[in-house]
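Look over the sequence and the model below, then read on.

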Amino acid sequence: MEINKYIDHTNLKMDATSEDIAKLCREAIEYNFETVCVHPYYVSLAKDLLKNTNIGVCTVVGFPLGMNTPKTKAFEAVEAIELGADEIDMVINIAALKDQNYDYVKDESSTSANLNNSSIERIGFVVRTSDIWVDDISVTKLIAPVVKTH
């Protein structure tokens, strides 16, 4: 098993520079990681630096808190795809989860998951586990199967 193919080499620091992203991409090439994960601002740069490789570009939607509306997250995802993202990681709205507004969480997740664009390889849903309790984690397991992708 090649563990490196399960690694998303990530730089989501708020002060990351173009050189930091270039270094991230060089390391991803050296170790043959599955993807690099960068802020949407750097998707085009990473895509260009990784052309002619099999390494994908991942970006985040609703990062870091997940407090954006479903429409905003969908817009972010569409724009990221247009910039060249191969994978999207969407941060789930923890406030809605803690408020037990499960329909809202399902709606925002399915809105992003059902983007009608065949160029996207994966959409992941991120739950900041430091912000939730065990009961909340159990609920995310119930919500996840409801989300269908194309």
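The side chains of Glu19 and Arg26 meet in a salt bridge, with N and O 3.0 Å apart. A salt bridge here is a side-chain nitrogen of Lys or Arg within 4 Å of a carboxyl oxygen of Asp or Glu. Glu19 is partly exposed, with a relative accessible area of 49%, and Arg26 is partly exposed at 48%. Buried means under 20% relative accessible area, exposed means over 50%, and partly exposed lies in between, with a 1.4 Å probe and protein chains only.

The model is predicted: local features need pLDDT of at least 70, side-chain atom pairs count only at pLDDT 80 or more, and totals for chains, interfaces and linings use all residues. Residues are numbered from 1 along each chain as its sequence is written, and side-chain values use heavy atoms, with hydrogens and water left out.

**Salt bridges**

A search of the whole structure finds five salt bridges. The table gives three of these pairs, including the one described above.

| Pair | N to O distance |
|---|---|
| Glu19 and Arg26 | 3.0 Å |
| Lys5 and Glu34 | 3.5 Å |
| Asp86 and Lys47 | 2.9 Å |

Asp86 and Lys47 form a salt bridge. This pair links distant parts of the chain, since Asp86 is in the loop between H3 and strand S4 (87-91) and Lys47 is in helix H2, 39 residues apart. Asp86 is buried, with a relative accessible area of 11%, while Lys47 counts as partly exposed at 31%.

Lys5 and Glu34 form another salt bridge. Lys5 lies in the segment before S1 and Glu34 in the loop between H1 and S2, so this pair ties together parts that are 29 residues apart in sequence. Lys5 counts as partly exposed at 22% relative accessibility, and Glu34 is partly exposed with a relative accessible area of 22%.

**Overall fold**

The chain has six helices and five strands. Helices (H or I, at least four residues) and strands (E, at least two) are DSSP runs, numbered from the N terminus. In order from the N terminus, the elements run β-α-β-α-β-α-β-α-α-β-α. Of the 150 residues in the chain, 41% are buried.

S1 and S2 run parallel and are joined by four bridges. Two strands pair if DSSP finds at least two bridges between them. In this pairing, His9 stands opposite Val36 in S2. The chain crosses from S1 through H1 to S2, and this β-α-β crossover is right-handed. The term right-handed means that, with the strands pointing away from the viewer, the path from the first strand over the helix to the second runs clockwise.

S2 also pairs with S3, in the parallel sense and over four bridges. Here Val36 stands opposite Val57 in S3. S2, helix H2 (residues 43-49) and S3 make a right-handed β-α-β unit.

Which way do the side chains of S2 point? Thr35 and Cys37 point one way, Val36 and Val38 point the other way, and all are buried. In a regular strand the side chains alternate between the two faces of the sheet.

**Cysteines**

The whole structure contains zero disulfides, a disulfide being a pair of cysteine sulfur atoms within 2.5 Å. Cys37 is in no disulfide, and the nearest cysteine sulfur, that of Cys58, is 3.6 Å away. Cys37 is buried, with a relative accessible area of 3%, and Cys58 counts as buried at 0%.

**Backbone features**

Asn32 has a positive phi of about 55 degrees although it is not a glycine. Asn32 is placed in the loop between helix H1 (18-31) and strand S2 (35-38), and counts as partly exposed at 26% relative accessibility.

Gln100, likewise not a glycine, has a positive phi of about 60 degrees. Gln100 lies in the loop between helix H4 (94-98) and helix H5 (102-113), and is exposed, with a relative accessible area of 56%.

Where is there a cis peptide bond? The bond from Phe63 to Pro64 is cis, with omega near 5 degrees. Pro64 lies in the loop between strand S3 (56-61) and helix H3 (70-83).
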